[in-house]
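User: I am new to this structure and would like a close look at a single part of it. Please keep the answer plain.

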Amino acid sequence: MSGTNTNAGVKFGGHSLVWAGDWSAENARFAASSAHKAGYDFIEILVAEPEKIDTAMTKDLLQEYGLTATGCLVFDPSTDISSSDKSKVAAGIDRGRRAIDAVAAWGGTEIDGPVTASLQPFDKPATPENRQNSVNSVRELADYAADKGINLHMEIVNRYESNLMNTAEEGLVYLAEVDRPNVFLHLDTYHMNIEESGMVDGVLAAGDRLGYVHIGESHRGYLGTGNVDFAAFFGALKKINYSGPIVFESFSSAVVDPALSDALRIWRNLWTDSHDLADKALKFMKAHYE
Ligand code: MN
């Protein structure tokens with residue numbers, strides 16, 4: 001509220017897919033200028049294909065608009081670090097290292113996303129081998145990231161996108177196995193709405209291991225027009241004195257990244273006006289955090 005900042009440390013970000021389907025110079029500028037104009041503190045840049053990110057351009061752009069940026073790392077079936085196929089695990093670790101390099105090059109410190117495995121529908125549960133390959137790979141990436149001062153946040157996603165873990169409690173068990181100080185939990189209200197017993201217990205269980213938050217509506221469109229109980233979720237964040245990044249994430253077939261939009265099953269237009277969507281989302285999040 002006016003005059004006092006009761007949530008010092010909390011920064012609000014917007015996912016790049018709110019504005020841009022790729023990170024070409026033109027689309028990156030549109031995303032950064034739009035995020036700045038709407039009043040966001042930072043932007044989350046999709047780094048599913050790190051080789052396509054011009055990090056020098058990105059660094060300059062962020063400076064120009066007074067923003068910082070986190071990186072959202074996503075693995076596909078060919079780079080699945082939980083795979084029983086060693087070549088896919090190796091390809092995933094390679095992609096992860098290059099994503100870490102990219103984020104370090106633009107001056108970022110946080111990588112989020114479903115980093116534990118490929119983002120895809122699995123038709124069988126993960127085997128002990130799948131889990132061990134994931135844990136070993138994340139340890140390797142965490143150590144590589146730590147050398148560059150970067151934290152990794154493991155996003156818990158729903159059962160249709162991961163067979164390794166789908167709840168905060170399961171994520172905490174996984175974190176204990178990985179056992180690295182720069183690896184944290186990443187919760188997303190869209191996924192929590194599907195898998196958790198409400199919007200509170202997972203946050204309270206995570207406590208200071210919660211390092212990153214995605215704010216998404218149940219249909220991934222305008223906040224406040226779906227089924228997610230945001231009052232309960234933000235109340236839980238306050239209870240644990242959460243002070244990390246809070247990112248608005250929304251997808252529509254109006255803005256498409258060919259790989260991610262298909263992986264997330266974004267088949268319809270939930271919105272067409274990025275500016276209106278982003279403006280309202282930031283106001284919504286701030287109103288709930290006050
Ligand atoms: Mn998310």
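Which residue in β6 does E155 stand opposite?

Analyst: E155 stands opposite H186 in β6. This is a predicted model, in which local features need pLDDT of at least 70 and side-chain atom pairs count only at pLDDT 80 or more, while totals for chains, interfaces and linings use all residues. Residues are numbered from 1 along each chain as its sequence is written, and side-chain values use heavy atoms, with hydrogens and water left out.

Strand β5 covers residues 151-155 and strand β6 covers residues 183-188; the two run parallel and are joined by four bridges. Two strands pair if DSSP finds at least two bridges between them. Strands (E, at least two residues) and helices (H or I, at least four) are DSSP runs, numbered from the N terminus.

Both strands belong to a barrel that eight strands close in the order β1-β2-β3-β4-β5-β6-β7-β8, with parallel pairing. From one strand to the next, the twist averages 30 degrees, where axes are lines fitted to C-alpha atoms, for helices over the stretch in contact, and angles run from 0 to 180 degrees between N-to-C directions.

The loop between α5 (168-178) and β6 holds D179. Most residues other than glycine have a negative phi. D179, not a glycine, has a positive phi of about 55 degrees. D179 is exposed, with a relative accessible area of 56%; exposed means over 50%, buried under 20%, and partly exposed in between (1.4 Å probe, protein chains only).

R220 also has a positive phi, near 70 degrees. R220 lies in the loop between β7 (210-215) and α8 (230-239), and counts as buried at 4% relative accessibility.
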